[in-house]
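I set out to record what can be looked up in this structure. The entries follow in the order in which I made them.

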Amino acid sequence: MNGANNISVEHIHYSGSHLNNFFKRSLDIIAAGTGLLIASPVMLVIAALIRLESKGPIFYASPRAGRNYKVFKFYKFRTMVPDADKQLQQLKHLNQYDTDDKGPVFYKVSNDPRITKLGNFLRNTSLDEIPQLFNVLKGDMSLVGNRPLPLYEAQSLTTDNWVERFLAPAGITGLWQISKRGKKEMSVEERINLDIDYAYKNSFTYDMWLIVNTPRALIQKDNV
C-alpha cells in the first residue's frame, strides 16, 4: 500500500465492453438522480433523527477500494456511535468471519454494540445506503457491483487467488447481497468467490436481473 489512499497492484485492470459500459453508466445516472430526488424528503427526516439521537456527523464517510483498487470516499448515513472505528479492534473476538490473520480479512459483528437504535433500523431497512447514490452519480460506484471495501480489508486481497474480485465495478447491490446478506454462516471464501463470480458474469442484462432480485434482500434477517 502506498500511503493512506493508494493500493498498488500492477497486473489488474478492468475495462468491459463499450456498449455494456454505456448502458450501465446511463442506468446509473438516471436511476441515481431520480432516486435522490424522490428520497430527498426521507433523507431530511433521517438526518434530523440522527442529529437528535446522538452527537456526531450525520453522514459516515470513509476511504474504500473499488474497481481496480481505486480508492474513493464512500458515503452512508451514520448508524454507529461517532468513535466506532476506534472500537473495532476491541470487538475482534466477535467477528462472524473465521479468520486467522494470515489470509483475507473481513469484519462483521452480529448485534454490533456500536450501532445506535436508529442505526439498527436504518441498517435493517437499508435506508443507510441512500447516500451512496451520490457515489453512483460521481462515478465512484455503480448500482450493481461488488461492495467497495475498507482499506484494511482490500490490503488482504492482493494475492492472485482473490484479486479478481476487483475486476468488477464497485456497487450498492450485487450477487453477494442477494445470495448471502445477513446470514451468519457465510465464510470469507464464499463471499470472495461470489464477488469473483460476478466479476466474470458482469453485464448489463445480468445487472438488471440482480436489481430485480434485490428487494427481497433489503430486509436483513440478522443485525450484521
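**Second largest pocket**

I began with the lining of the second largest pocket, where helix α1 (residues 18-53) gives the largest share, 4 residues. I took helices (H or I, at least four residues) and strands (E, at least two) as DSSP runs, numbered from the N terminus. The model is predicted, so I note that local features need pLDDT of at least 70, side-chain atom pairs count only at pLDDT 80 or more, and totals for chains, interfaces and linings use all residues. Residues are numbered from 1 along each chain as its sequence is written, and side-chain values use heavy atoms, with hydrogens and water left out.

On a 1 Å grid over the protein atoms alone, a pocket is an open set of points where a 1.4 Å probe fits, with protein on both sides within 12 Å along at least five of seven lines; lining residues have an atom within 4 Å of a point. I found 15 lining residues in the second largest pocket, of which R67, G139, M141, S142 and P169 lie nearest its centre. The space in this pocket is about 260 Å³, a volume being the space filled by probe spheres set on the grid points.

**Helix α1 and its surroundings**

I next looked up how α1 packs with helix α7 (residues 204-212): the angle is about 35° and the axes are 9 Å apart. N20, F23, K24 and L27 of α1 meet F204, D207, M208 and I211 of α7 in this contact, with contact taken as heavy atoms within 4.5 Å. By class, I recorded 5 nonpolar, 1 polar and 2 charged residues there. Axes are lines fitted to C-alpha atoms, for helices over the stretch in contact, and angles run from 0 to 180 degrees between N-to-C directions.

V42 also lies in α1. V42 and I130 are 88 residues apart in sequence, and their C-alpha atoms are 9.7 Å apart in space.

**Whole chain**

I counted 7 helices and 5 strands. Buried residues make up 50% of the 224 residues in the chain.

Technical notes:
Ala, Val, Leu, Ile, Met, Phe, Trp, Tyr, Cys and Pro count as nonpolar, Asp, Glu, Lys and Arg as charged, and the others, Gly among them, as polar. Buried means under 20% relative accessible area, exposed over 50%, partly exposed in between (1.4 Å probe, protein chains only).
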